[in-house]
Amino acid sequence: MTDEVKNDAAIADEQAAQPVLDIQRIYVKDISFEAPNLPHIFKQEWKPQLSFDLNTEANQLEGDLYEVCLNISVETTLEDSGDVAFICEVKQAGVFTISGLDEIQMAHCLTSQCPSMLFPYARELISNLVNRGTFPALNLNPINFDALFVDYMQRQQAELEAQKENPDNPTAH
């Protein structure tokens with residue numbers, strides 16, 4: 001019987017050490033859609049110029065619970081006139097249970113894996129809002145959050161190396 005208790009304890013320890021990433025809830029935190037030049041914008045030739053901005057925020061709520069928010073802003077202007085056709089801003093968020101990760105794995109999870117899960121929801125919402133404004137379809141391309149994370153880590157490493165090489169240079173910070 002003591003062997004069974006030992007085996008149960010070993011299994012419990014092994015399960016506790018396993019990485020965990022569970023979605024608790026996905027929700028829209030904020031939405032904004034503006035079309036400031038309607039209806040006269042529809043009289044112009046549709047040659048859009050798209051401006052796209054994306055960032056993520058992550059906050060630890062308590063214990064192993066984290067809120068991750070994917071912020072996407074899309075602004076479309078017409079090439080000929082420079083008039084703004086529409087501005088669409090979406091904050092797609094989720095609450096995740098995350099545990100069993102080291103510091104780098106946690107950073108990757110919060111800035112890559114969780115946003116990757118949120119992006120399809122935000123993409124659909126933006127497409128729907130643009131469609132409701134009666135503009136031509138807007139389907140955002142997939143985003144490689146892993147590549148963005150690697151790029152960010154490389155920039156951080158380069159900044160650290162620049163600081164070490166020239167600690168008196170304030171532009172290296």
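A crossing of two helices is right-handed if the near helix is turned clockwise from the far one by less than a right angle. The views below are of a predicted model.

**View 1. Helices α2 and α3 cross in a right-handed sense.** Two packed helices are described by the angle between their axes and the distance between the axes. For α2 and α3 the angle is about 145°, and the axes are 9 Å apart. On the α2 side, the contact is made by Ile104, Ala107, His108, Thr111, Ser112, Pro115, Ser116 and Phe119. These meet Phe145, Asp146, Phe149 and Met153 of α3. By class, the contact of α2 with α3 has seven nonpolar residues, four polar and one charged.

**View 2. The largest pocket is lined by residues that include Leu54, Thr111 and Tyr152.** The space in this pocket comes to about 250 Å³. Two or more lining residues come from each of β2 (48–62), α2 (103–132) and α3 (145–165). The largest share belongs to α3, with six residues. Also in the lining are Asn55, Thr56, Ala107, Phe145, Leu148, Phe149, Asp151 and Arg155. Six of the lining residues are nonpolar, three are polar and two are charged. Ala107, Thr111, Phe145 and Phe149 line the pocket and also take part in the contact between α2 and α3.

**View 3. Four strands make an open antiparallel sheet in the order β1-β4-β3-β2.** Strands of a sheet pair through backbone hydrogen bonds, either parallel or antiparallel. At the edges of this sheet are β1 (20–34) and β2, each of which pairs on one side only. From one strand to the next, the twist averages 15°. Helix α2 lies across β1, β2, β3 and β4 (84–99), and its direction is at about 140° to that of β4.

**View 4. Strands β2 and β3 form a hairpin with two residues between them.** The antiparallel pairing of β2 with β3 (residues 65–78) extends over 14 bridges. Pro48 has Leu78 of β3 as its bridge partner, and Ala58 is bridged to Val68 of β3. In the hairpin, Gly63 has a positive phi near 50°.

**View 5. The loop between β1 and β2 holds Pro39 and Asn37.** Most residues other than glycine have a negative phi, and most peptide bonds are trans. The bond that joins Leu38 and Pro39 is a cis peptide, with omega about -5°. Asn37 touches Asp83 and Val84, leaving aside residues up to four places away in sequence. The C-alpha atoms of Asn37 and Phe86 are 8.1 Å apart, although 49 residues separate the two in sequence.

**View 6. Thr134 is placed in the loop between α2 and α3.** Thr134 is a residue other than glycine with a positive phi, near 60°.

Methods:
Residues numbered from 1 in each chain as written. Predicted model: local features only at pLDDT ≥ 70, side-chain atom pairs only at ≥ 80, totals over all residues. Heavy atoms only, no water. 1 Å grid on protein atoms, 1.4 Å probe; cavity = no way out; pocket = protein on both sides within 12 Å on 5 of 7 lines; lining within 4 Å. Points joined across faces, edges and corners; volume = space filled by probe spheres on them. Nonpolar A, V, L, I, M, F, W, Y, C, P; charged D, E, K, R; others polar. Axes fitted to C-alpha atoms, helices over the stretch in contact; angles between N-to-C directions. Contact = heavy atoms within 4.5 Å. Pairing = 2+ DSSP bridges.
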